Amino acid sequence: MRIRQHVNPLGLHYEQFKGVRPRFEAGRPIEVEIGCAEAQFLFERAVQDPSRTYVGLEIRDELVDHVNRLAAERGAPVHAVFCQAQLHIDEIFGGTKVDRVYVNFPDPWFKRRHHSRRMVDATLAEGIARILRAGGELFVQTDVWDIALDALVAFEPRFDNVAGEWTFWKQGNPYGVRSWREQNAEETGLTIWRLMYRAR
Ligand SMILES: C[S@@+](CC[C@H](N)C(=O)[O-])C[C@H]1O[C@@H](n2cnc3c(N)ncnc32)[C@H](O)[C@@H]1O
């Protein structure tokens with residue numbers, strides 16, 4: 001399977017929602033990873049706790065198909081949704097509240113002229129604030145200092161920082177599963193900045 005390394009989220013092709021909304025079961029907790037790629041994190045969470053629903057939002061449609069095929073083969077409660085997360089979060093959840101949101105290692109888009117393609121911004125933060133139930137967790141991880149700062153600026157005014165205002169979470173990843181990028185960063189000894197928030 002040919003998987004593109006990156007796509008431009010500002011492209012016209014991504015403006016309209018063309019994904020498939022998962023069916024949500026009343027009373028069943030929902031966890032969401034925004035930018036899930038191959039969803040290693042969600043598949044491992046689903047093994048730990050199969051009583052929840054795991055939704056991965058992803059802009060590369062070939063990865064979405066791959067994740068959904070794997071989920072069907074494994075009978076895992078994991079659903080990938082093809083979308084541009086900042087634009088389509090409300091359409092996907094349609095009023096359903098979720099219990100936890102993960103933002104694991106968003107693309108850095110290092111070149112200055114590409115900064116507008118970054119996923120973590122005020123629009124995404126407002127979208128997350130609308131879908132996360134009161135008291136629900138938002139966990140952010142990145143190995144790129146610039147993105148850690150973007151995340152602080154976007155999330156700090158809208159969520160309660162569990163580590164204290166404007167403070168990184170120093171207690172590591174508490175969930176016992178790792179995303180592919182996280183595993184890679186840890187194995188190569190990169191610093192990881194983490195943030196833990198709760199919805200108001
Ligand atoms: C660097 S990868 C990290 C993947 C995974 N979270 C991990 O930690 O291994 C970032 C992912 O976010 C996806 N992505 C980027 N912008 C997005 C957007 N606006 N909406 C949905 N997904 C996006 C990319 O296609 C990519 O798969």
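This is a predicted model: local features need pLDDT of at least 70, side-chain atom pairs count only at pLDDT 80 or more; totals for chains, interfaces and linings use all residues.
Student: In what order do the strands of the open sheet lie, and which strands are at the edges?
Tutor: The open sheet has 7 strands with mixed pairing, in the order S3-S2-S1-S4-S5-S7-S6. An edge strand pairs on one side only, and the strands for which this holds are S3 and strand S6 (160-161).

Student: Which strands pair with S2, and in what sense?
Tutor: Strand S1, residues 30-34, is joined to S2 over 5 bridges, and within this pair Ile 34 has Leu 57 of S2 as its bridge partner. A further 5 bridges join S2 to strand S3, residues 78-82, where Gly 56 is partnered by Ala 80. The partners of S2 are therefore S1 and S3, and in general strands of a sheet pair through backbone hydrogen bonds, either parallel or antiparallel. For S2 with S1 the sense is parallel, and for S2 with S3 it is likewise parallel.

Student: Is S2 largely enclosed or open, and why?
Tutor: Thr 53, Val 55 and Leu 57 point one way from S2, whereas Tyr 54, Gly 56 and Glu 58 point the other way, and all are buried. Because 6 of the 6 residues of S2 are buried, the rest of the structure leaves the strand largely enclosed.

Student: What handedness do the β-α-β units that contain S2 have?
Tutor: One unit is made by S1, helix H1 (residues 40-48) and S2, and it is right-handed. Another is made by S2, helix H2 (residues 61-74) and S3, and its handedness is also right-handed.

Student: Which residue of S5 is the bridge partner of Asn 104?
Tutor: Strand S5, residues 132-142, runs parallel to S4 and is joined to it by 6 bridges. Within S5, the residue that partners Asn 104 is Gln 141.

Student: What angle does the direction of H1 make with that of S2?
Tutor: Helix H1 packs on the sheet, where it touches S1, S2, S3 and S4. Taking the directions of H1 and S2, the angle is about 180°.

Student: Is Glu 44 buried or partly exposed, and why?
Tutor: Glu 44 is found in helix H1. A residue needs 20 or more other C-beta atoms within 10 Å to be buried, and because Glu 44 has 17 within 10 Å, it is classed as partly exposed.

Student: What is the phi of Ala 37, and where does this residue lie?
Tutor: Ala 37 is buried, because 22 other C-beta atoms lie within 10 Å. Its phi is near 50°, a positive value in a residue other than glycine. As for its place in the chain, Ala 37 lies in the loop between S1 and H1.

Student: Where is Phe 105, and what is its phi?
Tutor: Phe 105 is in the loop between strand S4 (98-104) and helix H4 (122-131). It counts as buried because it has 22 C-beta neighbours inside 10 Å. Although Phe 105 is not a glycine, its phi is positive, at about 55°.

Student: Which element gives the largest share of the shell around the ligand?
Tutor: Of the 22 residues around the ligand, Gly 35, Ala 37, Ala 85, Ser 179 and Arg 181 come nearest, and the shell divides into 11 nonpolar, 5 polar and 6 charged residues. Strand S2 (53-58), helix H3 (85-93) and helix H6 (180-187) each supply at least two residues of the shell. The largest share, 3 residues, comes from H6.

How values were computed: Residues are numbered from 1 along each chain as its sequence is written. A residue is near a molecule or strand if its C-beta atom, placed from the backbone, lies within 6 Å of it. Helices (H or I, at least four residues) and strands (E, at least two) are DSSP runs, numbered from the N terminus. Ala, Val, Leu, Ile, Met, Phe, Trp, Tyr, Cys and Pro count as nonpolar, Asp, Glu, Lys and Arg as charged, and the others, Gly among them, as polar. A residue is buried if 20 or more other C-beta atoms lie within 10 Å of its own, exposed if 12 or fewer, and partly exposed in between; C-beta atoms are placed from the backbone. Two strands pair if DSSP finds at least two bridges between them. A crossover is right-handed if, with the strands pointing away from the viewer, the path from the first strand over the helix to the second runs clockwise. Two residues are in contact if their C-beta atoms, placed from the backbone, lie within 7 Å. Axes are lines fitted to C-alpha atoms, for helices over the stretch in contact, and angles run from 0 to 180 degrees between N-to-C directions.
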